[in-house]
2 protein chains.
Amino acid sequence: MSSTPLRIGAVLFERFELLDVFGPLEMFGVLPDRFELSLIGPQMGPVASSQGPRAHADYAYADAPPVDIVLVPGGIGRVQAIVDRAFLDWLAGYCATSQYVTSVCTGSALLAAASLLDGYRATSNKRAFDWVREHGPRVEWVPEARWVVDRNRWTSSGVAAGIDMALALTAHLFDTDLAQRVADNTEYEWHVDPHWDPFAALHGLV
Amino acid sequence: MSSTPLRIGAVLFERFELLDVFGPLEMFGVLPDRFELSLIGPQMGPVASSQGPRAHADYAYADAPPVDIVLVPGGIGRVQAIVDRAFLDWLAGYCATSQYVTSVCTGSALLAAASLLDGYRATSNKRAFDWVREHGPRVEWVPEARWVVDRNRWTSSGVAAGIDMALALTAHLFDTDLAQRVADNTEYEWHVDPHWDPFAALHGLV
């Protein structure tokens, strides 16, 4: 166990998906002795979600301090973000200095577009899986998984799956009992099995 | 079905619980034709969560436009909010003009302190249930429930339970198929039964 909290940086962009960010951050945030959270956006200040409500970025991309764990969400804004070369270049550099690179939902397509998943196994949102595949030709996409771990890359399936991945990462970094306690205290029924994925079949992927 | 979206106002206070707010707002926000979301805070601008990350309030309490559905979260900041008479008076007046009054986690204790649950059945976070009971002597507290509906008051259990309640409210207002589609699209395993509550036993309430 580290004596100083691990720093987590959640990368916001205009029209990010609310729960992709705040599901995992809720879970990590229950343990302030273990994790220290920050929001990173195009600029410091408000960044609009897909759903409308705005989060307040603590840092602009350009000024973001290094973190131990990067978290990249999806959302409608992925369509703009994935063709924003300056953003992808920044993301590639930022992730290169972090210990873990994580994504929720279509965030893995952004990682792929930033060449951060070349030769890695990864998963993504099941409803948008075709779009994701198109944007990640050098990734070994796993169509049926709640989340996938390959070396230091942790990618989860759609939206709510990020919560399960965050708890699994907490278990990996510390211990399973602690992660289970976080789930119990937030009254969340944690899916502990990364292979649990009824949504793959629902969206015709298996 | 209404032709204009129902307005939802989420009430922020310093150190609100992240998922209490953004779990339900994710679900409602998937349906922009049905729901329009706003964040209401002590002042317009950033409001810190229990977990650290800040949300950006669209309106100050004093200037908040009327809404159809009020959503009140819990969080560590409940301890200050529950003795803030000006806040509770504002909350009582604001809820009086709305069609539905909803809460997540210890948010129901704030509703109780604002005399909004007198004579109502309600539930709350199971870990903080004793504290909640103390602050709501005129409420019929239900110790084992994922969420409770009594007339136009919808109160949910701790943190993640708000997501299930939001989907149930969507089903009530529109239809169950629509709510199920929201759950499927966000890859969320919806607990459709309001009596499902393993956390009551876990925290010694039954």
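# A tour of the two-chain model

Begin with strand S4 (residues 54-57) of chain A and select S4(B) with it: three bridges join these two strands, which run antiparallel. Within this pairing, His56(A) has Arg54(B) as its bridge partner in S4(B). Keep in mind throughout the tour that this is a predicted model.

Now display both chains and superpose chain B on chain A, which takes a rotation of 180 degrees with 0.0 Å of shift along its axis and leaves an RMSD of 0.0 Å. That is the relation of a two-fold axis. To find where the axis passes in chain B, select Ala55(B), whose C-alpha is the nearest to the axis in that chain, at 2.1 Å from it. The same surface serves both copies, since 100% of the contact residues of chain B recur in chain A.

Next, colour the interface, where 31 residues of chain B are in contact with 31 residues of chain A. On the side of chain B that touches chain A, the elements giving two or more residues are helix H1 (18-29), strand S2 (35-41), strand S4 (54-57), helix H7 (176-185) and helix H8 (198-202) of chain B. H1(B) provides the largest share of that side, seven residues. Coloured by class, the side of chain B that touches chain A shows 15 nonpolar, 10 polar and six charged residues.

From here, move to helix H1 (residues 18-29) of chain A. Its 12 residues, at 1.5 Å a residue, should span 16 Å, and the end C-alpha atoms are 16 Å apart, which agrees. Is H1(A) largely enclosed or left open by the rest of the structure? Of its 12 residues, 12 are buried, so H1(A) is largely enclosed by the rest of the structure. Among these buried residues are Asp20(A) and Glu26(A), as well as Leu18(A), Phe22(A) and Met27(A).

Ala160(A) is buried, with 28 other C-beta atoms within 10 Å. Setting aside residues up to four places away in sequence, Ala160(A) touches Leu19(A) and Gly23(A), and also Thr186(B), Glu187(B) and Tyr188(B). A distance drawn from the C-alpha of Ala160(A) to that of Val21(A), 139 residues apart along the chain, reads 9.9 Å.

Ala166(B) counts as buried, having 30 C-beta neighbours inside 10 Å. Beyond residues up to four places away in sequence, Ala166(B) touches Pro24(B), Met27(B) and Phe28(B). Arg34(B), 132 residues from Ala166(B) in sequence, is 13 Å from it in space, C-alpha to C-alpha.

For the core, select Leu12(A) and Leu12(B), the residues with the most contacts inside the largest nonpolar core, which has 137 residues. Apart from residues up to four places away in sequence, Leu12(B) touches Val21(B), Leu39(B), Ile40(B), Gly41(B), Val47(B), Ala55(B) and Ala57(B).

Finish with the sheet of chain B, an open one in which seven strands follow the order S5-S2-S1-S6-S7-S11-S10, with mixed pairing. Strand S5 (59-60) and strand S10 (147-150) of chain B stand at the edges, each with a single partner strand, so one side of each is left without a neighbour in the sheet. Elsewhere in the sheet order, strand S6 (residues 69-72) and strand S7 (residues 100-103) of chain B pair in the parallel sense over four bridges. The last pair to pick is Ile69(B) and its bridge partner in S7(B), Tyr100(B).

Note on methods. Residues numbered from 1 in each chain as written. Chains lettered and ligands numbered in written order. Predicted model: local features only at pLDDT ≥ 70, side-chain atom pairs only at ≥ 80, totals over all residues. Least-squares fit on C-alpha atoms with pLDDT ≥ 70 in both. Contact = placed C-beta atoms within 7 Å. Expected span 1.5 Å × (residues − 1). Buried ≥ 20, exposed ≤ 12 C-beta atoms within 10 Å, placed from the backbone. Nonpolar A, V, L, I, M, F, W, Y, C, P; charged D, E, K, R; others polar. Pairing = 2+ DSSP bridges. Core = buried A, V, L, I, M, F, W, Y, C linked by C-beta atoms within 7 Å.
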